[in-house]
Amino acid sequence: MRKSVAVLAATLVAGTALAMAPTVATAGTSGEAGLLSCTHAWSNQDPDGSNPKTITRSGVNVRQGPHTTCGSVGTLNPGDQVFYHCFTTTQGDGTWTHLRKAGTTLNGWVKDTLLPDGGSNYPC
């Protein structure tokens with residue numbers, strides 16, 4: 001329920017921002033800010049962060065930003081364990097969770113539909 005309310009609030013805010021924005025930002029990796037930026041702030045908000053989740057899908061891309069246009073920094077496969085940090089809602093691309101693969105430094109964004117339990121329930 002909390003995620004649904006947070007997603008609705010973020011969608012309303014994003015809609016307001018879009019209505020007021022003179023141009024639409026595009027995805028990039030050069031650090032520019034914008035609605036589709038591949039550099040998105042995150043923090044470890046998930047209090048369940050010490051309890052890893054086990055990936056069940058093959059070839060899940062971990063991306064440098066919360067959009068399918070952002071580059072992949074690695075992949076996850078069945079049996080891999082991950083720690084959730086937080087989620088964000090994107091304009092037109094659903095919700096994404098920032099995570100770290102257990103036992104590694106691999107971290108980044110994964111679309112929530114690809115994650116166990118639908119990803120993190122805590123906004124970034």
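Here is a walk through that segment and the salt bridges.

A: First, the ground rules. This is a predicted model, where local features need pLDDT of at least 70 and side-chain atom pairs count only at pLDDT 80 or more, while totals for chains, interfaces and linings use all residues. Residues are numbered from 1 along each chain as its sequence is written, and side-chain values use heavy atoms, with hydrogens and water left out.

Now to the segment after strand E6 (107-111), where Asp 117 is found. Its phi is near 60°, a positive value in a residue other than glycine. Asp 117 counts as exposed because its relative accessibility is 62%; the cut-offs are under 20% for buried, over 50% for exposed and partly exposed in between, using a 1.4 Å probe and protein chains only.

Pro 116 sits in the segment after E6 too, but counts as buried at 17%. Leaving aside neighbours within four places in sequence, Pro 116 is in contact (heavy atoms within 4.5 Å) with Lys 53, Thr 54, Ile 55 and Tyr 84.

A salt bridge here is a side-chain nitrogen of Lys or Arg within 4 Å of a carboxyl oxygen of Asp or Glu. Lys 53 is buried, at 16%.

Asp 112 is also in the segment after E6, and it's buried at 5%. Its side chain makes a polar contact with the side chain of Thr 97 at 2.5 Å; that term means N or O atoms within 3.5 Å, within protein one able to donate a hydrogen and the other to accept it, and residues adjacent in sequence count only if both atoms are side-chain atoms.

The whole structure has three salt bridges. One of them joins Lys 111 and Asp 93 at 2.9 Å, N to O. Lys 111 lies in strand E6 and Asp 93 in the loop between E4 and E5, so the pair ties together parts 18 residues apart in sequence.

Definitions and conventions. Helices (H or I, at least four residues) and strands (E, at least two) are DSSP runs, numbered from the N terminus.
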